[in-house]
Amino acid sequence: MPETPAIEVAHLVKSYAGVTAVNDITFRVGRGEILGFLGPNGAGKSTTMRILTGYLPATSGCVHICGVPVASQPNEAKRHIGYMPENNPLPEDMRVSEYLYFRGRLKEIARRQLGPRIDEVLELCDLKRVRHKIIGQLSKGFRQRVGIAEAILAEPPVIIMDEPTIGLDPHQILIVRDLIASLRGRMTVIISSHILPEIEMTCDRVLIINQGRVVAQGTPADLRREVLGHSTYQLELAGDLSTLPPVLAALEPTLQIRTQGEPDADGFRRITLTTERDAELGEPLLRALAPPAFRLRALSRAHPTLEDVFLAATRRSWDVTTAELRKK
Amino acid sequence: MKHFFTLLSHEIRMLLVSAGTYLAAMFFFAFMGFIFTSILESYSKAPQEVSPAQFFFQFFWFPVLFMVPMLTMKCLAEERRLGTIETLLTTPVTTTEVVLGKYTAAYLLYLTLWGATAAFFFILKRFSGDVRFLDPGPLIGGYLFIAVSGLLFIALGVFASSLSRNQAVAAILCASMIFALMFGLSWLGGSSALNREVLQPVRVAVDYAQVFTHRDDFARGIVDTRQLLFYLSGTVLALIFSILGVEAKLLHS
């Protein structure tokens with residue numbers, strides 16, 4: 001029997017009072033995978049996550065968590081999920097260990113197993129020092145870790161976290177990232193974030209949504225190829241630039257000069273080249289631009305960041321929607 | 001109902017660590033103590049026709065008007081304001097369990113506070129040594145009335161709290177609902193607006209729902225099942241509306 005995917009979302013639609021927040025989203029996440037959820041503000045990330053947890057009902061479409069339909073068996077589905085909402089709401093006047101005990105009881109962990117399990121997650125999230133402190137007095141980083149500890153407490157197969165690293169300092173982000181990475185393979189994790197390097201480092205797969213639609217999905221490397229569709233080289237070059245285009249055309253027909261800067265004191269200019277070819281062109285470029293015609297001081301292939309992909313993908317979806325509007 | 005006791009013990013603990021509870025308790029005891037001493041003073045000056053217990057429960061409406069909102073305003077409004085209602089409802093608990101847990105916790109605290117006023121009568125008996133002051137009929141009837149009417153008042157408070165994310169709004173709404181129930185209906189019963197023939201059924205209904213008449217009946221030792229039914233059905237209705245209130249907010253949040 002093939003294993004059911006951890007999360008399966010089909011044609012999900014959610015509209016509030018005439019505004020469509022989520023518009024026909026379909027995706028699936030395999031077991032043990034970490035999925036990054038990207039999108040500008042108001043793209044429908046939080047709404048989608050809330051529907052996945054069964055907190056909000058969907059307008060249409062269906063969601064299965066480990067093969068359990070969320071709409072018709074919400075309680076069964078909720079047993080498979082650990083959820084940390086946006087801004088990580090916590091009761092102000094409880095102690096950390098009391099809070100975890102209460103949540104553990106609600107999540108139906110047997111009393112006898114709960115004590116050792118709480119010790120385990122406190123250890124895992126480095127919260128031992130503050131276990132007797134009142135949550136309202138904790139710093140943001142500790143509160144965030146309490147939220148994560150709570151989400152993994154019942155060892156659910158699926159963990160959903162809405163912006164787990166928001167408002168943390170870089171050191172704490174590193175700790176949270178390591179924590180999430182340590183769950184890889186054991187639990188399926190969905191995280192949403194605005195911090196793109198964050199997603200790139202922890203996630204196996206990225207889903208970019210904009211205005212309620214999926215605009216791109218795949219591994220970060222796939223997305224770069226698919227969305228940007230070109231590679232970029234940066235050079236610092238001295239020589240007669242009018243002879244450069246024929247040389248480049250001989251090397252690779254799609255190679256083009258995108259920008260060229262002013263020559264500095266030594267006569268070197270900064271030049272950016274783009275090409276649609278995916279293969280490495282560094283070595284041929286070095287050979288072709290050899291003296292005496294040119295002097296090459298630096299050559300590098302620019303690695304587009306996920307940020308570029310994100311901007312390109314969301315811009316592309318803007319273009320699509322405005323084109324649709326014009327047609328009407 | 002698997003999680004009911006987990007939620008109930010959590011709610012009682014949360015009420016016991018909240019400053020609002022102690023503030024409500026302090027006001028309550030200060031006011032009731034003041035009433036009781038003035039009753040004793042008037043009894044020491046001249047003999048009275050009714051027993052002290054009957055006098056004591058005459059003033060039940062005043063503490064109810066400020067104590068019930070203080071005990072219940074926090075319960076659902078605060079959860080919604082902090083956003084913890086979202087984490088609470090994404091565990092395998094139902095909205096019914098959550099609302100009932102909060103309701104029961106507030107009701108138990110309300111009963112405890114009223115129960116503590118029994119100490120006044122104990123002190124009276126201990127130091128006056130006169131059993132005539134302690135007519136058990138009105139005393140038991142009075143406390144029974146407090147317990148039964150408290151069901152409805154606390155349910156109204158929980159309902160008000162389910163409608164808002166602001167505690168002050170919930171408290172004012174709760175106090176106005178209780179005020180309308182007690183004084184609005186009593187005013188309506190006394191007014192001549194309902195004297196016309198067509199409005200006769202309304203008049204009968206309003207006459208049934210007189211909180212002050214119920215109090216007097218209970219204090220006289222008359223326990224009418226129609227009155228019990230009035231409070232029980234009102235409680236069930238208010239709780240159903242609270243559950244719907246929480247769920248409707250989910251749909252539109």
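The model is predicted: local features need pLDDT of at least 70, side-chain atom pairs count only at pLDDT 80 or more, and totals for chains, interfaces and linings use all residues. Residues are numbered from 1 along each chain as its sequence is written, while chains are lettered from A and ligands numbered from 1 in the order in which they are written.

**The sheet**

Strands of a sheet pair through backbone hydrogen bonds, either parallel or antiparallel. In chain A, six strands form an open sheet with mixed pairing, in the order β6-β7-β8-β3-β9-β10. Strands (E, at least two residues) and helices (H or I, at least four) are DSSP runs, numbered from the N terminus. Two strands pair if DSSP finds at least two bridges between them.

| Edge strand (chain A) | Residues |
|---|---|
| β6 | 81-84 |
| β10 | 213-218 |

Each edge strand pairs on one side only. Neighbouring strands are turned by 15° on average, direction ignored. Axes are lines fitted to C-alpha atoms, for helices over the stretch in contact; angles run from 0 to 180 degrees between N-to-C directions.

β9(A), residues 205-210, pairs with β10(A) in the antiparallel sense over five bridges. There, V206(A) has G218(A) as its bridge partner. Helix α5(A), residues 140-152, lies across β6(A) and β7(A), at about 165° to β6(A).

**The side facing chain B**

In this pair of chains, 21 residues of chain A are in contact with 16 residues of chain B. Contact means C-beta atoms, placed from the backbone, within 7 Å. α2(A), β6(A) and α3(A) each give two or more residues to the chain A side. The largest share, three residues, comes from α3(A).

Key
Two residues are in contact if their C-beta atoms, placed from the backbone, lie within 7 Å.
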